[in-house]
Structure formats: C-alpha cells, structure tokens
Amino acid sequence: MQHQPDLPEILYISDPLCGWCYGMSPTIQRIQQEWAGRIEVSVLCGGMVTGNQVGPIGEDWPDMEAGLQQVETVTGVPFGAGFRALGAAGTYVQNSEPPCRAIHAFRQLRQEHTAPFAHDVQRAYFHDGADLNDMGTYEPLAAAYGVDMVSFRRQLALPETARGTQLEFAAVAKIGVQGFPTCILRVGQQGYVLARGYQPYEVFAAGLEQALMQAEEESR
C-alpha cells in the first residue's frame, strides 16, 4: 500500500499505558476501516510514563483500579483478569518507553498497520497482562502482520529507533498535548483538534466530517 501524502491525516496521539487510549482504539480502528481511501491514520506515542514517573504499578494501583471501572463503563472496552492480576501483584514496572519503541520500530517496517499494531500492544497489556518491558512480547504481535522477525529484532535494537522514540516524545510535547488520547486532523498545512480524550465513533466521525468541510472552505 503506497503512502498517499495528499490524503488528510489523523494524528492519533496516544500512549500504550493509557487506559483511555485503550478505550479509544475501537473508534480509531473503525475510522481506519470505514474511511479507507479518504483518511490516513498515523500513531504518535506520547511517552506518558517516563523518567521519574517510571515505577511499580502497585504505587498507583488503587487509583488505577477505580479509573478502569470508569473507562469500562464509558467505552465498553473490558480490562482482562491478566491485567488486574498484574496490578494487584504490584511489582510490575510501568514504563512507556519499551512499548513506544516497539511501535516506532514496527512503523519503519509496516507503516500502514501501525494503528492496529498499537491496539494489539494495548490489548496484550490491558487484557492479557503481558510484560511490555520484555521485547519478546512484541514478536508474535508483529509477526501477525507478516513482519520478518530478523528485520524486526534488528530494527528494535538500532540506536536510531531509541533516538527516534525520544524525538517522538519531544514532538508530542511540542504540539502541546495536555492528555491522552488527543486526535488532530492535518490537511495540508492546517491542523484541527478533533478530540481531547475519548469519543465514541459516531461523535468522532461527525467531528471529522465537520473539520474536513471546514478545511475545504478555508482552502478555497
């Protein structure tokens, strides 16, 4: 599939450790399917848990557990027993960098499948309780998209991948994103904020339609 730079592009700014992003994933996936040929979707990882925020999940678990219930109620996306067990055990170290690096590496090999791959990463974590700090976790997820494992491991290990991930975090910070998920529509040089936080598909699609019409009027 050739990248078509002339198509309007949704920048889906999220983080693998963000529960609301997990809730938003079905909306983004449906947009990708139903607006295919009209819209491109690009994933930008924000680095929500980095630096001195990295630490055991147990420190945040009581607050997180209450938050999960809200995400489930609002979005209908279930958090699995595997993830709840991980949280209750409390020792798992939360760190956005490894899963963001895996998504960055995958993007270099299969750009057009990055959004569904990012969703698979979140599902592995929030549903199955997978260890996102173990690079082996990503291999079967990437293989499902026909990615060659030798190429994937090589891409993951490249210094450019680690550096590119940090640059991605910096780019998101520069955009001025206050929280995750944030969705921005880019049409040529114009940018339109579509959503700050979760939106169901119908609301998001209506906002997208409106933003596209606005962009068309402004380009006349």
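Helices (H or I, at least four residues) and strands (E, at least two) are taken here as DSSP runs, numbered from the N terminus. By this rule, the secondary structure of the chain comes to nine helices and six strands. The structure is a predicted model, in which local features need pLDDT of at least 70 and side-chain atom pairs count only at pLDDT 80 or more, while totals for chains, interfaces and linings use all residues. Residues are numbered from 1 along each chain as its sequence is written, and side-chain values use heavy atoms, with hydrogens and water left out.

The overall dimensions of the chain were considered next. Along its principal axes, the C-alpha trace spans about 55 × 40 × 30 Å. The radius of gyration, taken over C-alpha atoms, can be set against a globule rule of 2.2 Å times the number of residues to the power 0.38; for 220 residues a compact globule would have a value near 17 Å, and the chain, with 17 Å, agrees with this. The accessible surface, computed by the Shrake-Rupley method with a 1.4 Å probe and, for residues, with only the protein chains shown counting as cover, comes to about 10,700 Å², of which 51% belongs to carbon and sulfur atoms. A residue is called buried under 20% relative accessible area, exposed over 50%, and partly exposed in between (1.4 Å probe, protein chains only); of the 220 residues of the chain, 50% count as buried. Where contact means heavy atoms within 4.5 Å, 77% of the contacts between residues at least 6 apart in sequence join residues at least 24 apart.

A nonpolar core is a set of buried Ala, Val, Leu, Ile, Met, Phe, Trp, Tyr and Cys residues joined through side-chain atoms within 4.5 Å. The largest such core has 67 residues, of which I10, F83, F117 and F152 touch the most other members. When neighbours within four places in sequence are left aside, F83 is in contact with I57, W61, M64, L68, Y125, F126, H127, D128 and G129. With residues up to four places away in sequence not counted, F126 touches P16, L17, C18, G19, Y22, F79, G80 and F83. Helix α3 (residues 81-89) holds G87, which is also buried, with a relative accessible area of 1%, and which, beyond its neighbours within four places in sequence, is in contact with I57 and W61.

Two helices were examined in detail, the expected span of a helix being 1.5 Å times one less than its number of residues. Helix α8 (residues 159-175) has 17 residues and should span 24 Å, which agrees with the 25 Å between its end C-alpha atoms. Its buried residues are T161, G164, T165, E168, F169 and V172. Seen down the axis of α8, these residues fall within an arc of 145°, so they line one face of the helix, the arc being that of the directions from the helix axis to the C-beta atoms. An α-helix has 3.6 residues a turn, so residues three or four places apart point the same way. The buried residues of α8 pack against β1 (9-14), β2 (40-45), α4 (97-109) and α7 (149-157), whereas P159, R163, L167, A173 and K174, on the other side of the helix, are exposed. The helix is followed by G176, whose phi is positive, near 90°. In the loop between α8 and β5 (182-187) lies P181, which is joined to F180 by a cis peptide bond with omega of about -5°. Most residues other than glycine have a negative phi, and most peptide bonds are trans.

Helix α9 (residues 201-219) has 19 residues and should span 27 Å, in agreement with the 27 Å that separates its end C-alpha atoms. In this helix Y201, F204, A205, L208, A211, L212 and A215 are buried. Seen down the axis of α9, they fall within an arc of 125°, so they line one face of the helix. The cover over these buried residues includes β1, α1, β5 and β6 (190-196), while the face turned away from the buried side carries the exposed residues E202 and Q210. Within helix α1 (residues 19-34) is T27, which is buried, with a relative accessible area of 5%. Apart from residues up to four places away in sequence, T27 touches Y198, Q199, P200, Y201 and F204.
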